[in-house]
Amino acid sequence: MTNPPKTKADVLQGTLALMVLKTLDVLGPLHGYGIARRIEQISGDVLAVNQGTLYPVLLKLEQEGSISSEWGASENNRRARFYELTRAGRKQLQAEAQDWEQTAAIIARFFQLKKEDCT
Amino acid sequence: MKSLRRFFSRLFSFTRRRAQEARLREEIAGHIALQTEDNLRAGMPAVEARRQAFLKFGGVESIKEDFRAERGLVFVDNLIQDIRIAGRMLLKSPGLSALIVMTLALGVGVTTGTFSMLDALIFRPYPVPHPGNVVTLVSTTRNSSHEDFSYREFLDLRDKTGSYDGVIANSTMDAVSFAAEPHASPRVKGGMLVSGNYFRVLGVEPRIGRGFRDDEDQVPGRDAVVVLGPAFWKHEFAANPSVIGRTVRLNGTEFTVIGIAPESFPGMLIFGIPDFYMPLAMAGVFPTDPQKSFFEDRADRELAVRARIRPGVRQEQAQSELDVLARNFEREFPDLNRGRGAAIHTQFEMRTRDDDMNWKFGVIFVVLALSVLLVACTNVAGLLLSRARARTREIAVRLAIGAGRLRLIRLLLTESLILALLGGLAGAAIGYGIVAWFQTFQNVVLMTDLPVAIPFRMDTRALFVSLALSVMSAILCGMVPALQSSRTDLVNGLKAAEIDVPGRKRLWGRNALVVAQVATSLMLLTAAFLMMRGFEHGILDGIGFPKNNLLVTTFDPRLLQYNTTQTKQFYKLLLDRVRETPGIVNATLSQNVPLGEDDYTALSFVPDGFAMPPDHVNFKSAIDVVDEHYFPTIGIPILRGRGFSRTDTAESPRVAIVNQHFANHYWPHDDAVGKRIRLDNRSGEPIEIVGVAQTIKYQLTTERPMDFLYLPLAQHHVPRMTLLLRSTGDPLQMVPPVKEIVRTLDSNLPMLQTWSYEDFYVNKAIKGPGIAIKLVGAMGAIGLLLAVAGLYGVVAYNVSRRTREIGVRMAIGAGRADVLRLILGKGLALVGIGTAIGLLMGLAVERLMKSMIFDIAGVDVLVYALVVPLLLLVTTFAAYLPARRAARIAPTQALRYE
């Protein structure tokens, strides 16, 4: 089956990946639910609808080598997959964070733009 | 870099799909469990906590789908899924699937087998590099378009043309007596004289040793060198390379072995595989026309000439150059070359010339084989159509839950392709079987001492053609139903599966398929019966003389370099002693045996008192040279005049005996006895006709009556003669005494082609054609079988589709007979139309066959009187079975039927 058309969640995927990386950077190894909860807490309700979308992103990041995973025990003693930032992932995070800040700064400046600034 | 890494990772994970699915399932389960606990802690009731956890997670299946898309190679994944589903669908109706595979296999198998035959006879290129450049040059006259050239003419062709990268010549493969050691008794092998540039121009590198040098072909009789054929080298010298430089004795002369032809070069003939190649300059050692001088006589035309056309030279250019040369010949040698031209033919043109029997049979077989394939394809199309129809609802469901049209078509095509490949493989197996079956006829068809082989084999090209055919037919057959069903109206499709309003158009298509099948199978049956009747006709006619108790054996004293006097002396002594042998009623010498493998010599003549048509200088007739005992021994009646006698000697006036056809041809209102013919032209030497013999079969049992002329041996010396013995008992009992007589005359002289004439006749006239009859008969049977299956399928399908309607009809008063009539009538209408069309096709095939093979005039009514009722009977039965089932339907059940 071909990929479904892009939804809001898909558009967020790029930023979602960045959020995952940052979360793991700050909090260390976490399982999927932990990551989801953390992002949810920080981002408000952006991810409230579809926590599941996290998993394809995790897979993609793992395939790219930015994160690694292994089985471990969760707080309720269930088997859970724990994700951890790799060295490559840390580098990627730095690079993308920089990009993001730059972009954000530029966008921010555009929004501050007033008509008189352009004349 | 990143994407490459992802690709490899995907490739890797593709191989571990199951483990990854499990991991995802576990992760999701864990996720939901943790969320549920949190929800519980937040105070939700248990059920609600779990529900909310699921809601928050989102669509599990769609996440899984995303996960899979992220994970694997989507295309391959889908393909595997397609194949799996297709396989499951095919297994769901194993009977139908097997039927389709079998049908395809039969069609493809027959076609493949026939193609490998045709490949060997016509399409297989010469086994040399760039075979497409090799053309054949032929000498042409008004009467014949494919004659050989003489040695002198070959030299001119070689030296005075500029269109070729070399012009080569070879004699026909002929018997050669071979002895590895000087004192070993010679055995008969097959050898061929070739020009010195033969191997070089063809681009054939000897496997070991060397080919001929050009100067080895300059001086007659100087360079006694020989190149061995690879197969001969293997079984005669155990592939020993030290044979190079050894001497062997060919026809009593010592030859030095200089090279071995490579395995890849079995020679340029279709059937023959020469054991030796000798330079043309050694022609003196081998049998050539005794009345002419091979190296000097420009009319001694015994060489096949081929040439490698220079790249960039068009065939027309070469042809116009050849025309100029032929006109020069005509001017320089008006006596020998009047009205004689020359032509260039490609290999394909040579093999498809209109006097070639292989080609004629090939065309007929291929037409019939393709018909079988056509029937098979229409059958498969019909079966796939009815299945696609039965699956309307399934397809509608698939469409409804979101399958794309393209994906659906792909799925249906995958099914057809699986069927096609299975059918193709099975077909290839059947093809192999047919080829193997052909090969078992090696000794039946070719009764000769010469090294020959039936070259039929399943080569990669035939295999490729068969697989391509099956895949193509499956795509053609599968495409229509795939497109149609993917266009299914969803709502209707979901509502009612098989009792929808019949699409008139679609039914029309299925009916047309059945009509085509019936028609084609009728044509195939007709062809089979015609083939049988045609050969039978020839056999029942008889050949014109008694076949039993007749022994034939051939001698060629040229193999031992006998001169004319020695040869005559040998035959005289041989005949005298044989005639004294007890158990032998009569014995005679003849140049040819009726129906024999050797070509008859042709004689040019002008009949006295016959108005020559303006475009003819003379006529030609096949001749046989026989001694005075011929007619009584072989048993051909002399109808008028006399046979040859002792008084017809070299010194007496020249005489001839003609056959009745000849006599009626040239003197329709007059007695031919006493008339004269003149050799070559109006002022040629006169020959008086002294007798008229009954017309017999000369070349084939199926031939039409032909002109024939006998000349007395005493007035026409021929070195190679066949001894015919009429014995009192089993003719093979006479072989040892004859052998003994020959041994006392010359222990080195081999007896060639020794067999009982009846055996020979059975092989030639019954077993050989039997192959053709069986092949065509099998095609007819397969065609009929498939047509019956197709018809049965359509009628049965109609019945199941109309079950409810039948129930209604019966409920409101229709009787069983009415229902039977309703269903059967439809089937019979199809049979009727098919039969009518098939009759027309049959008549067309009859014309084709009779114009090509058989000499039978008019329409063979008996064949149609047999075939049509047979077809009607079988097809009616095929339609009757489901119709009877329909008539037995209980209306109460039928109305509830869904």
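Is I85(B) buried, exposed or partly exposed? Let's start there. This is a predicted model, so everything I quote is computed from it.

I85(B) sits in helix α5 of chain B, residues 74-92. Within 10 Å there are 14 other C-beta atoms. Buried takes 20 or more, and exposed takes 12 or fewer. So I85(B) comes out as partly exposed. I85(B) and L412(B) are separated by 327 residues in sequence. In space, their C-alpha atoms are 9.8 Å apart.

Now the cores. The largest nonpolar core has 94 residues. Which of them touch the most other members? V372(B), A527(B), M779(B) and L791(B) do. The top contributor is helix α19 of chain B, residues 504-541, which gives 16 residues to this core.

Take V372(B) on its own. Skip its neighbours within four places in sequence. What is V372(B) then in contact with? The list is G107(B), V110(B), T111(B), L524(B), M779(B), I782(B) and G783(B).

Next, helix α25 of chain B, residues 803-811. Its buried residues are T803(B), I806(B), G807(B) and M810(B). Look down the axis of α25(B), and these buried residues fall within an arc of 105°, so they line one face of the helix. An α-helix has 3.6 residues a turn, so residues three or four places apart point the same way. After α25(B) comes G813(B), with a positive phi, near 115°.

Over to chain A. Its secondary structure is 4 helices and 3 strands. Along the sequence, the pattern reads α-β-α-α-β-β-α. Chain A has 119 residues, and 32% of them count as buried. Consider its contacts with a separation of 6 or more. Of those, 48% link residues 24 or more positions apart.

What is the strand order in the sheet? In chain A it goes β1-β3-β2, an open sheet of 3 strands with antiparallel pairing. The edges are β1 (30-31) and β2 (67-73) of chain A. Each has a single partner strand, so one side of each is left without a neighbour in the sheet. Between β2(A) and β3(A), residues 79-85, there are 7 bridges, and the two run antiparallel. One specific case: E70(A) has F82(A) as its bridge partner in β3(A).

That's the tour. Questions, please.

Terms used: Residues numbered from 1 in each chain as written. Chains lettered and ligands numbered in written order. Predicted model: local features only at pLDDT ≥ 70, side-chain atom pairs only at ≥ 80, totals over all residues. Pairing = 2+ DSSP bridges. Arc of directions from axis to C-beta. Core = buried A, V, L, I, M, F, W, Y, C linked by C-beta atoms within 7 Å. Contact = placed C-beta atoms within 7 Å.
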